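Please have the sequence and the structure open while reading.

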Amino acid sequence: MTDLDRSTTTLADGETGVPDPAGTLCALIADVLGLAAVDPGQSFTGLGGDSIQAIQVVSRARPAGLLVTTREVLRSETVAALAAGARAVGRSGAGAGPARPARRLGPFAPTPIMAWLGELGGPVDTYNQSLVLRTPAGFGAEDAVRVVQALLDTHDILRLRVPGGAGAIGAGADGAGADGAGPLVPPPGSVDARALIEHVEAGAAGDDELPGLVTERIRAARRLLAPAEGIVLRAVCVDRGPARQGRLALVVHHLAVDGVSWRILQDDLRSWWKALAAGREPELAPVPTPFAHWAGLLRADATSGRRMAEAGRWTDTLRPAPEPLGGVCASDRLDAESAVNRHTLTLPPDVTGPLLTLAPGLVNGTVNDVLLTGLALAVLAWRRPGTGDGDGGCVLVDIEGHGREEITEGVDLSRTVGWFTTVYPVRFDLGLPDLADARAGGPTAGAALRQVKEALRAIPDHGIGHGLLRHGNSRTGPGLAALGIPEIGFNYLGRFPMGDTADWAAAPGHDFALDDADEGLAMAHAVEVNAAAHEGPGGLTLSATWTWAGNAYPADRVRALADEWFAMLRALARHTALPGAAGLTPSDVSLTGLSQADLDAFESQLGDVL
C-alpha cells in the first residue's frame with residue numbers, strides 16, 4: 001500500500017490497531033456526556049451533545065488512535081457512521097498537523113477577539129478566568145510545580161507576553177499594538193512555574209472553609225497577572241496533607257484561555273497524574289496546531305476573497321438596526337459592569353432535560369438554536385408598547401461562539417489552548433408571531449425554532465468572518481465599526497459536571513470559566529446573558545446570569561426580560577411533546593429553492609401516504 005493509499009484508509013479495514021472503533025467512540029462519548037453507556041445507533045447531537053463537547057470527543061479520540069473532526073462528530077447520524085468514517089492517527093493528512101511549518105514561537109498577529117479586548121478601554125491587564133480543581137490527597141508544592149511547568153511548556157500561549165500590555169493589543173486593523181509591538185510567545189522553559197505558584201498549608205481547613213479560602217487567594221493571584229512581563233498564569237496550591245483532597249486554582253489571563261481550553265487543561269492534569277500514579281514519567285500529548293500558527297492563518301484569511309465577499313452580509317445584518325429595546329444609551333457610553341446589575345435564574349431538571357436534549361432534535365438542530373429561539377421570542381414579547389412594532393419582528397443579537405472552526409485543511413485545534421472566541425451579530429426576522437401561542441408551546445414555537453435554525457445555518461463558518469473583517473482587515477474594518485453593535489450579547493458556555501468528587505474534578509463553590517474583570521471595565525453590550533448547563537445528582541439544570549449597564553436599563557426591565565426568556569424556554573420544552581413537532585428544514589436537504597412551506601407540505605403528504 002502506498003503512502004497516498006494510507007492517507008485515505010479508514011478504521012473500518014481493521015489495519016490500524018483499533019479493533020473496535022465504534023465501541024471506543026461510544027465509550028468516549030458516554031464519558032464526555034456523563035452517560036452510563038452509548039449505543040452505536042445513537043447520534044451525538046441526539047444525546048444532547050453540543051459543539052464544545054464535540055471538541056472534547058475529538059481531543060480524547062486522538063490518544064485512542066482515532067482521528068475525527070468536530071464537524072463529523074456533530075453531523076454523523078450515528079456513532080457507527082462516525083466510526084466508519086474515522087481515520088487512523090498518523091495515516092491521514094489531517095492528522096499530521098498544518099501543511100506548512102507551524103509557527104510556534106515569536107511575535108504573532110493578534111486575533112480578532114484580542115483586538116476586540118483592546119478596544120474595550122479601561123483596565124484589562126487582570127481580565128481573567130479561573131478554574132479550581134480537587135487535587136489528590138498528598139498533592140503538595142513540588143507536585144504543583146511539576147504539573148504547572150508541564151502545562152507552561154506544552155501550551156505556548158500560557159507563556160504569552162504582550163509588550164504594550166493587554167490594553168494596547170491589536171490597536172488598529174494592521175494587527176500591531178499601540179507601540180508597534182504585538183503579542184509574542186517565548187520558548188519552552190522561559191517561564192518558571194515555581195515563581196507563579198502560591199503554596200497554602202491548610203491541613204486543618206474543613207470542606208466548608210475551602211471556598212472562601214480559595215476565593216481570597218484567587219483575588220490576590222489575579223492582581224499579580226502582568227501580560228507585559230509575560231505573566232498570564234498564576235496558581236494557588238492548597239495543601240491539606242496526605243489524607244485529604246486539596247485544591248489547585250489556576251488563574252489565567254483571558255488572552256490565553258477560554259472555556260474549551262479549560263477542558264483541555266483539565267484532561268491534561270488527569271492524564272499527567274494518572275501516568276505518575278502508574279510509575280511512568282508524565283508526558284503530555286503534543287499540540288498539533290500551535291496558537292501562533294492559527295493566528296497567522298486568521299490574519300491571512302481576513303483579507304482573502306471569500307472573506308471580502310462576506311462584507312455585504314455583515315453590513316446588511318447590522319443596518320438598519322431594529323428599534324431600541326428600551327431607553328438604551330449609545331454603546332460607547334455604557335456603564336462599567338457591576339455586581340449590583342446582575343441577575344441569575346435557573347431552570348429545573350424537568351424543563352432543562354427536554355429543552356436541551358429533545359428540542360434540538362425536533363429540527364435536527366443544536367442547543368443554541370433552541371436557546372436563541374426562546375430569546376428572540378422573549379424580546380418580541382417584552383418590548384414596550386410602541387417601541388417594537390415598526391421593525392417587523394426583528395431581533396438583533398451578538399452571539400459568542402467557541403471559534404475553533406475548520407476554515408482550512410490540516411488544522412487540528414482540539415488540543416490548542418488559547419482565546420478563540422468569536423463574536424458576531426445575527427438578525428432574527430420572525431415577522432409577527434402569535435406570541436400567546438408561542439408562550440403556550442403551540443405551533444408558533446416550532447415555526448420560530450425552524451426560522452432561527454435556518455438563520456444560524458446561513459452564516460458562513462459560524463460567524464468567524466465578522467471578527468476577521470471587523471478587526472483584521474483595514475478595508476472593511478472601519479465601515480463595520482461605524483455600524484455599531486447589537487444591544488444584546490449572548491453566550492452559551494456548554495455543559496459542566498457538578499458534584500463530582502473525583503481527583504481533578506471542578507471543586508464546589510466556584511464558578512467555572514466565567515470572566516472576571518476589574519472595576520471600571522465598560523460593558524461591551526447594554527445587556528448580556530451567559531448561560532450554562534450543569535449536570536448534577538438531581539439531573540440537568542440550566543442557569544443564566546444576566547448583566548446589564550446601569551445607565552441602559554432599570555433592573556426591573558431586565559428581570560422581566562429574563563423571566564420572559566425562561567417562560568419561552570418552558571414553552572419550547574412543552575412543544576417537544578406535541579404530535580408532529582419534529583420536522584426537517586430547508587438546510588437539511590440538498591434541493592435548491594425549497595422553502596419551509598414546501599418541505600412541510602411534502603412531509604405532510606408523505607405522512608398521509610404512510
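This is a predicted model: local features need pLDDT of at least 70, side-chain atom pairs count only at pLDDT 80 or more; totals for chains, interfaces and linings use all residues.

In it, helix H12, residues 311-318, lies across strands E10 and E11. The helix runs at about 60° to E11.

Both strands belong to an open sheet of six strands, ordered E9-E14-E13-E12-E10-E11. The pairing in this sheet is mixed. Its edges are strand E9 (342-347) and strand E11 (422-429), each of which pairs on one side only. From one strand to the next, the twist averages 25°.

Strand E10 covers residues 394-401 and is joined to E11 by eight bridges. These two strands run antiparallel. Within E11, valine 426 is the residue that stands opposite valine 397. In general, the strands of a sheet pair through backbone hydrogen bonds, in either a parallel or an antiparallel manner.

Another open sheet has four strands in the order E4-E8-E7-E6, and its pairing is mixed. Strand E4 (128-135) and strand E6 (197-201) form the edges, each pairing on one side only. The twist here averages 15° from one strand to the next.

Strand E7 (residues 233-239) and strand E8 (residues 246-253) run antiparallel and are joined by six bridges. Alanine 235 has leucine 250 in E8 as its bridge partner.

Two helices can be described against this sheet. Helix H7, made of residues 141-154, lies across E6, E7 and E8 and runs at about 155° to E6. Helix H8, made of residues 210-222, lies across E4, E6, E7 and E8, at about 30° to E8.

## Cavities

How many cavities of 30 Å³ or more does the model contain? The count comes to four. The volume of the largest cavity is about 50 Å³.

The lining of this largest cavity draws on residues from several parts of the sequence: Arg104; Thr154, His155, Asp156 and Ile157; Val287, Thr289, Pro290 and Phe291; and Thr416 with Val417. By residue class, the lining of the largest cavity divides into five nonpolar, four polar and two charged residues.

## Salt bridges

Side chains of opposite charge can pair when their charged atoms come close. Across the whole structure, a search finds 23 salt bridges.

One of the salt bridges is formed by aspartate 31 and arginine 60, whose closest N and O atoms are 2.5 Å apart. This pair links distant parts of the chain, 29 residues apart. Aspartate 31 sits in helix H2 (residues 21-33), while arginine 60 sits in helix H3 (residues 51-61).

Technical notes:
Residues are numbered from 1 along each chain as its sequence is written. Side-chain values use heavy atoms; hydrogens and water are left out. Two strands pair if DSSP finds at least two bridges between them. Axes are lines fitted to C-alpha atoms, for helices over the stretch in contact, and angles run from 0 to 180 degrees between N-to-C directions. Contact means heavy atoms within 4.5 Å. On a 1 Å grid over the protein atoms alone, a cavity is a set of points where a 1.4 Å probe fits but cannot get out, and a pocket is an open set with protein on both sides within 12 Å along at least five of seven lines; lining residues have an atom within 4 Å of a point. Grid points are joined across faces, edges and corners, and a volume is the space filled by probe spheres set on the points. Ala, Val, Leu, Ile, Met, Phe, Trp, Tyr, Cys and Pro count as nonpolar, Asp, Glu, Lys and Arg as charged, and the others, Gly among them, as polar. A salt bridge is a side-chain nitrogen of Lys or Arg within 4 Å of a carboxyl oxygen of Asp or Glu.
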